[in-house]
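Student: I have a chain to read and would like to go through it feature by feature. Can we start with the surface and work inwards?

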Amino acid sequence: MGSTGAALRALRGAQKSSKGVSLYSRYVNRPAGRLLAAGACRAGLTPNQVTAVSAVFTFTAVAAVALVEPSWWLGWAVYAGLAVGFAFDSADGQLARLTGRGGPDGEWLDHVVDCAKMILVHTAVLLSFYRFGELPSEGWLLLPLGFGFVAVLTFCAGLLREQLGKAAAAAAPAPAGAPAPVSRIRAVALLPADYGVFCLVFALLGAPSAFRAGYAVLAAVHALFLVAFLVKWFRELKALRAD
């Protein structure tokens with residue numbers, strides 16, 4: 001790719017559909033990932049190396065949550081690390097589409113890092129609660145366990161829905177037609193379930209009560225989204241079988 005500008009232009013034409021994507025991912029994370037992908041292309045990095053960079057930012061921030069006493073500076077540093085890691089997580093796929101160097105190994109590595117992230121971030125909150133939190137009761141220790149369960153189940157169920165849907169489409173291709181329009185209302189509604197929005201709660205680490213409250217609200221919202229997603233995905237897969 002001749003220049004960063006040329007890479008950016010090519011990346012704009014190689015974006016995934018915005019259907020089912022929240023406003024944060026569409027207008028913040030994907031554009032940030034596009035800039036990072038263009039820079040990575042100029043630097044000669046491979047998509048797998050970009051995935052590794054994403055993992056370094058993410059897991060460093062997660063380790064800090066578990067090992068360092070909560071404070072305002074830590075909260076903003078953790079938020080920055082998670083947000084940058086999330087942007088690089090978008091960049092690896094964009095770089096793969098730009099360079100044509102993606103493959104099953106890269107997709108597998110990306111999903112492994114994502115799954116590890118989902119498990120470890122809530123484990124880190126649990127450890128922080130146990131080591132540093134003056135909790136109103138020990139019952140609060142169950143919250144990160146429940147949130148982690150919801151996050152991992154949502155991730156795995158969504159990934160299975162995607163892969164089973166692809167397999168069904170390959171066996172019986174759907175008739176050609178215009179793609180469904182992107183719903184802005186849906187994009188707004190999905191904001192509470194977006195990982196980028198979840199990262200924001202860590203900026204409250206300097207105020208433990210506010211962090212616990214924000215984390216608890218997000219856990220409840222994610223649990224409601226999980227129920228809605230499971231019903232939706234089951235019906236979609238059942239309809240594919242009927243077709």
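Tutor: Start with the surface. The chain exposes about 13000 Å² of accessible surface, and 68% of that belongs to carbon and sulfur atoms. Such areas come from the Shrake-Rupley method with a 1.4 Å probe; for residues, only the protein chains shown count as cover. Two cautions. This is a predicted model, where local features need pLDDT of at least 70 and side-chain atom pairs count only at pLDDT 80 or more, while totals for chains, interfaces and linings use all residues. Residues are numbered from 1 along each chain as its sequence is written, and side-chain values use heavy atoms, with hydrogens and water left out.

Student: How many helices and strands does the chain have?

Tutor: Helices (H or I, at least four residues) and strands (E, at least two) are DSSP runs, numbered from the N terminus. Here there are nine helices and zero strands.

Student: What share of the residues is buried?

Tutor: Buried means under 20% relative accessible area, exposed over 50%, and partly exposed in between, with a 1.4 Å probe and protein chains only. Of the 243 residues in the chain, 38% are buried.

Student: How do I read contacts along the sequence?

Tutor: Contact means heavy atoms within 4.5 Å. Take contacts between residues at least 6 apart in sequence: 82% of them join residues at least 24 apart.

Student: How do I check a helix for length?

Tutor: Compare spans. The expected span is 1.5 Å times one less than the number of residues. H2 (residues 23–43) has 21 residues and should span 30 Å; its end C-alpha atoms are 29 Å apart, so the two agree. H4 has 28 residues and reaches 40 Å from first C-alpha to last, close to the 40 Å expected.

Student: Where does H2 bend?

Tutor: A bend at a residue is the angle between axes fitted to the seven residues ending there and the seven starting there. In H2 the bend is about 30 degrees, at asparagine 29, and proline 31 follows within four residues. Asn29 is among the buried residues of H2, as are Arg30 and Gly33. Just after H2, glycine 44 has a positive phi of about 80 degrees.

Student: Is serine 90 buried or exposed?

Tutor: Serine 90 counts as buried because its relative accessibility is 15%. Serine 90 sits in H4 (residues 72–99). Leaving aside neighbours within four places in sequence, serine 90 touches Asn29, Arg30 and Gly33. For its polar side, the rule is a pair of N or O atoms within 3.5 Å; within protein, one must be able to donate a hydrogen and the other to accept it, and residues adjacent in sequence count only if both atoms are side-chain atoms. The side chains of serine 90 and glutamine 94 make such a polar contact, at 2.9 Å.

Student: Which residues have the most contacts inside the largest nonpolar core?

Tutor: A nonpolar core is a set of buried Ala, Val, Leu, Ile, Met, Phe, Trp, Tyr and Cys residues joined through side-chain atoms within 4.5 Å. The largest has 28 residues, with Val78, Leu82, Phe198, Phe202 and Phe211 making the most contacts inside it. H4 gives the most to this core, six residues.

Student: What joins glutamate 236 and arginine 161?

Tutor: A polar contact of 2.8 Å between their side chains. The two residues are 75 apart in sequence and 8.7 Å apart in space, C-alpha to C-alpha. Glutamate 236 lies in H9.
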